[in-house]
Amino acid sequence: MSTLAPPAGRTVSTTRIAVASFVGTAIEFYDFYIYGTAAALVLGKLFFPTFSALAGTLAAFATFGVGFVARPIGAVIFGHFGDRTGRKAMLVTSLLVMGTGTVAIGLLPTYGTVGIAAPVLLVLCRFLQGVGLGGEWGGAVLLATEYAPRGKRGLWSSFPQIGPAIGFIIAGGSFLLLGRVMDDATFESWGWRIPFLASAALVVVGYYIRMRIAETPVFQKALEQQERAKTPIVDVVRRQGATLALSTCAFILAHTLFYTITTFALSYGTTELDLDKDMLLLCAMVAALVLGLATPVLAVVSDRIGRRTVCLSAGILAALWAYPMFALINTGEPLLIGLAMAVGMLAFAALYGPMGAYLPEMFATRYRYTGASVAYNASGIVGGGVTPVLATQLVASTGSSLPVSGYIVVIALISALCVWFLKETHTTDLEDDPIGSQAHG
């Protein structure tokens, strides 16, 4: 393997790369998650008050799902320019787009003020959030993996992968704090807006940090060799369509586990089990802490024994834990709920930890941003966008959480099967052309 160097005249600090990739994902996932928490707790009442409690929750989750539909669109847009002009500019732009959508939600009038225009504006803002996040993840993991030395791409790619855990902890903590300092009426009146408006300050910090980084050496070399795809999305579909389809389906489980635990479980616990929302938020935050700690460990393990092996273990653990997880949640005991969520997040980490390196390693440099971003974000349509709505409907129609567990088992088995057909990549060179090498022999 050739030794990659930073652009002439630049020295690259591991700390700077780690901070730049981590801070942006933490901020953008904070933005994305506060919407999910608000949807589970308050948005149904404020933007869909003419619906029943169940229908309002379903409608709020449906707008939550709009963000996941928008994410692949953002992946294609940002991937196109990221593969043609560079990673850095897209990382900065995605942060600004996401921040704009988030702050706008905090300023929206509710249904009681402007009627039907309120949910319409909410959907538009959520769509903007999704477009921004669609460009974020791919750029952040490429920043880390394309700077990483061979044999340590899992470790380096775990920097941005820790961001979602921290983003969720900050998001959950903000709602938990608001629940402590104000009553329900005040929270529903204006308190819920504070986490959205606070995003403006976070975006300024992220913007400053990201403007101080250089273009990745792998992409810089591709530019020097004139290796740029004219239309990245067309090229990746034509040249690595099977890899794109398999990797997309393989990672549906990641989104399914995360949003079942952090979004659906909050709604389910408060509406079906009549549990305290602060207790559920705290349990979810503890589970997110487990995720944050486990992600780099499992990413490093994937550097040693391979991405595929670790990802397969995630599917197996998720399938085995799906029924015990809800059995423990149904007890209503905080410690058991925390255990249920923590083990579920551990299964998620086993898939998510290696994924930051695994997806970029699958695609050629000239369309790597597009390929990795589309696979990651398209998998979120089912795993993140559909899951909370479907799970809520399944519980409403059956009166039981058993169908939700069954759904997780099916997704876990599909994920494991798709990972089985993907080839191991942890020893590959990012400068190599992976076309034709991804089918498991």
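A: Lys277 is partly exposed, with a relative accessible area of 23%; buried means under 20% relative accessible area, exposed over 50%, and partly exposed in between, with a 1.4 Å probe and protein chains only. This is a predicted model, in which local features need pLDDT of at least 70 and side-chain atom pairs count only at pLDDT 80 or more, while totals for chains, interfaces and linings use all residues. Residues are numbered from 1 along each chain as its sequence is written, and side-chain values use heavy atoms, with hydrogens and water left out.

The side chain of Lys277 meets that of Asp184 in a salt bridge at 3.6 Å, N to O. The two residues connect distant parts of the chain, 93 residues apart, with Lys277 in helix 12 (residues 277-305) and Asp184 in helix 7. A salt bridge here is a side-chain nitrogen of Lys or Arg within 4 Å of a carboxyl oxygen of Asp or Glu. Helices (H or I, at least four residues) and strands (E, at least two) are DSSP runs, numbered from the N terminus. As background, side chains of opposite charge can pair when their charged atoms come close.

Lys45 and Glu188 form a salt bridge through their side chains, at 3.0 Å, N to O. Glu188 is partly exposed, at a relative accessible area of 27%.

In total the structure holds seven salt bridges. One of them joins Arg307 to Asp303 at 2.8 Å, N to O, and both Arg307 and Asp303 are buried. These two belong to a network of salt bridges that also includes Arg153 and Glu361. A further arginine, Arg308, lies over the face of Trp420, at 4.5 Å from the ring centre; the criterion is NZ of Lys or CZ of Arg within 6 Å of the ring centre and within 35 degrees of the ring normal.

A search of the whole structure finds 18 aromatic pairs. Trp137 and Tyr376 form a stacked pair, 4.1 Å centre to centre with 10° between the planes. Trp137 in helix 5 (residues 117-145) and Tyr376 in helix 15 (residues 368-398) are 239 residues apart, and the pair links these distant parts of the chain. Trp137 is buried, with a relative accessible area of 0%, and Tyr376 is buried at 3%. The rings of Phe175 and Phe187 have their centres 6.0 Å apart and their planes at 75°, so this pair is edge-to-face. Phe175 lies in helix 6 (residues 153-181) and Phe187 in helix 7, so the pair ties together parts that are 12 residues apart in sequence. Both Phe175 and Phe187 are buried. Rings of Phe, Tyr and Trp (its six-membered ring) pair if their centres lie within 6.5 Å; planes under 30 degrees apart count as stacked, over 60 as edge-to-face and the rest as tilted. Ring pairs also link a cluster whose members include Tyr33, Trp137, Tyr352 and Tyr376.

The largest nonpolar core has 113 residues, and those with the most contacts inside it are Leu43, Phe47, Trp137, Trp192 and Leu359. Its largest share, 15 residues, comes from helix 14 (residues 334-362). A second, separate core of 16 residues includes Ala20, Leu95, Tyr147 and Val203. Such a core is a set of buried Ala, Val, Leu, Ile, Met, Phe, Trp, Tyr and Cys residues joined through side-chain atoms within 4.5 Å.

Leaving aside neighbours within four places in sequence, Phe47 is in contact (heavy atoms within 4.5 Å) with residues including Leu108, Tyr111, Leu122 and Trp192. Leu108 is found in the loop between helix 3 (87-107) and helix 4 (111-114) and counts as buried at 6% relative accessibility. Beyond four places in sequence, Leu108 touches Phe47, Leu121, Leu122, Cys125 and Arg193.

As for confidence, the protein averages a pLDDT of 86, and 91% of the residues score at least 70; pLDDT is the predictor's confidence in each residue, from 0 to 100. It stays under 50 over residues 1-11, and pLDDT is likewise under 50 over residues 436-441.
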